[in-house]
Amino acid sequence: MKNLIIVGIFCLGFSPYICEAQYPQILWWYDLDAPSFGSAAVGDIDGDSLLEIVFGTYFNDENIYSLNAEDGSLKWKFFTNGCNDASPAIADVDLDNELEVVVPASSPYHVYCLNGDSGTVEWDVSTGYPNCIDSPPAVADVDNDGKPEIILGTFYGHVFAFNGEDGSTAWHINVGSNSYIQSGPNILDLDDDGTLDVFVVQWAGDFRVYALKGEDGSTLWYSDVPQDHMYHGGSFADIDEDGKPEIAIGCYDHHVYVFNDDSTLLWDYTAPYYIGAPTAIADLNNDNHLEIVFVSYNKLGVLSHTGDSLLWSYTTGGNMFRGAAIADIDGDGILDVAFGSDDGILRVLSGNDGQEIWTYDLEAHYGQTFEMGHAPVIADFDGDGKLDIFIIGGYATSSQPQNNHGRAYALAAGDGTGPGWPMFRHDLRHSACFHGPMGVEEKQDEKIEVIKYAFLQSHPNPFNKITDIRFQIPVSGRTTVKVYNVAGAIVRTLVDEYKEKGYYAVKWDRRNDEGRLIPAGMYFCKLKTVTCSKTRKLIVIQ
């Protein structure tokens, strides 16, 4: 673990920090009257080219918060008058070219669609008493009408698909009134017909996993293999490299199950304790195969893609119920695993062998109980081109909510400059796979996917000689990257050509299109693709 040096200034409501160039560094924190369970979501919800972080809080606070990611200041909050256990989703659900925040309020039995910029309600819908919502919503066009739906489960076996434009019901089914659908649905093509389907699991009831037809919610298949509760949903990718997706799910019967898309069991692994946390998938050791990350109470493990080998494991002093986020945090070309634990410690481990990159005792900094029932999100919050981590902890019960308390932290995490982990389960279809469904042809609704895949960063920034500009193209097509001055005139065209979707980098040497050095000042770099645009502020210094 690297040393931490903090020089701080205090501000009302939040505390930004200036720190030495070592990791981890606390950027800022925000005090709450309860912690947040689940996770947050990150996106530029107000169109100012800066990120915001959105999350909900538990009893004694009961708000949806939007914080400015660069300094932790409050943008808006919305009071739901109940606990908010389900992680939010950020997407343009009504196709108005502006982002909305979709968040279920658990105990009020309501789903809210909030305007990203103002936090005002665009629509809300009730799932009906007593159908509490712990299920993080997925967003995709599952009924093939060209518009996104919001898919989630509730207590007493209900699965809903709501139309994104107004919250009306696209379809609603029940998979067993004695069960609870607390898992976040997985959205993928399970019958190889080129359209998206829905995968959910049961807490209680029959302990089944269900594959549902995306167009109407009818049952494609189910499996009785699991023998106990399943709280979190699965992760999916082409794990066995057969060109079809598999789903990895953890169960309280101590097993990780990997199902083929036709309900057959590919393999299973027996862990030492119950598995309540969600799984995640990535090529962690650069061997060109996918590994599966699971949590068995206080033990995090990484399995080979064949399931016959535990590659490494790491034991903490507390539960890690919301699982891990994955990104190349230290910039060494190897993916890393980040997670919080109920022992109050935030950890980042090398995906290659599980060695600690750094740990931070947030409970010691907070000064009281700091249980983290909250998965990290990872992105560049402060615009310096490097990845940061956001996580929330504290203490909460429903029986004596007046004793609840919490705090949100943002930390500078490392020299990594690539894509992060911007929401719970990584993306709007809940693949929990870095980066997205790998090796599987997937149906993309481009207007929905823009928030996930639009990516533009520069480093160093500010700079005086040269800066590296990295960007991602979500859809193949004509792409431009241009630098503008504050008057809106083009200074330099860096890219103007057809490009395949993917990641790219280009250097700007501070020269204009005529080859002359431009003066110091503020400039704007704009990425434009066939489906989206993204702007980044550049500061040129003497």
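Start by selecting Y180, which counts as partly exposed because its relative accessibility is 22%. On this scale buried is under 20% relative accessible area, exposed is over 50%, and partly exposed lies in between, with a 1.4 Å probe and protein chains only. Before moving on, note that this is a predicted model, where local features need pLDDT of at least 70 and side-chain atom pairs count only at pLDDT 80 or more, while totals for chains, interfaces and linings use all residues. Residues are numbered from 1 along each chain as its sequence is written, and side-chain values use heavy atoms, with hydrogens and water left out.

**Into the core**

Now select F55, L300 and F390. These are the residues with the most contacts inside the largest nonpolar core, which has 63 residues. A core here is a set of buried Ala, Val, Leu, Ile, Met, Phe, Trp, Tyr and Cys residues joined through side-chain atoms within 4.5 Å. Colour strand β3 (residues 25-32) next: with 6 residues, it gives the most to this core. Strands are DSSP E runs of at least two residues, numbered from the N terminus.

A second, separate core has 29 residues, including I45, V102, F160 and M423. As background, nonpolar side chains in soluble globular proteins tend to be buried together.

Go back to F390 and show its surroundings. Leaving aside residues up to four places away in sequence, F390 touches a set that includes W28, A40, I53, F55, H374 and Y409; contact means heavy atoms within 4.5 Å.

**Ring pairs**

How many aromatic pairs are there? The count comes to 29. Rings of Phe, Tyr and Trp (its six-membered ring) pair if their centres lie within 6.5 Å; planes under 30 degrees apart count as stacked, over 60 as edge-to-face and the rest as tilted.

Keep F55 and F390 on screen: their ring centres are 5.7 Å apart and their planes stand at 35°, so this pair is tilted. F55 belongs to strand β6 (residues 52-56) and F390 to strand β37 (residues 388-395), so the pair ties together parts 335 residues apart in sequence. F55 is buried, at a relative accessible area of 0%, and F390 also counts as buried at 0% relative accessibility.

Y156 sits in the loop between β14 (149-153) and β15 (158-163), and Y180 in strand β17 (residues 179-180). At 30% relative accessibility, Y156 counts as partly exposed.

For a group view, select W203, Y231, Y252, Y273, Y274, Y297 and F321, which form one aromatic cluster.

**Charges over rings**

Pick R208 and Y222: the charged end of R208 sits over the Y222 ring, 3.9 Å from its centre. R425 does likewise over the ring of F424, at 5.9 Å from the centre. The rule asks for NZ of Lys or CZ of Arg within 6 Å of the ring centre and within 35 degrees of the ring normal.

**An open sheet**

Next, select the four strands in the order β31-β32-β33-β34, an open sheet with antiparallel pairing. Strands pair if DSSP finds at least two bridges between them. β31 (325-327) and β34 (356-361) are at the edges with a single partner strand each, so one side of each has no neighbour in the sheet. Zoom in on β32 (residues 336-340) and β33 (residues 345-350), joined by 5 bridges; G340 has L346 as its bridge partner in β33.

**Last stop**

Finish at Y129, in the loop between β12 (121-126) and β13 (138-140). Y129 counts as exposed, at 68% relative accessibility.
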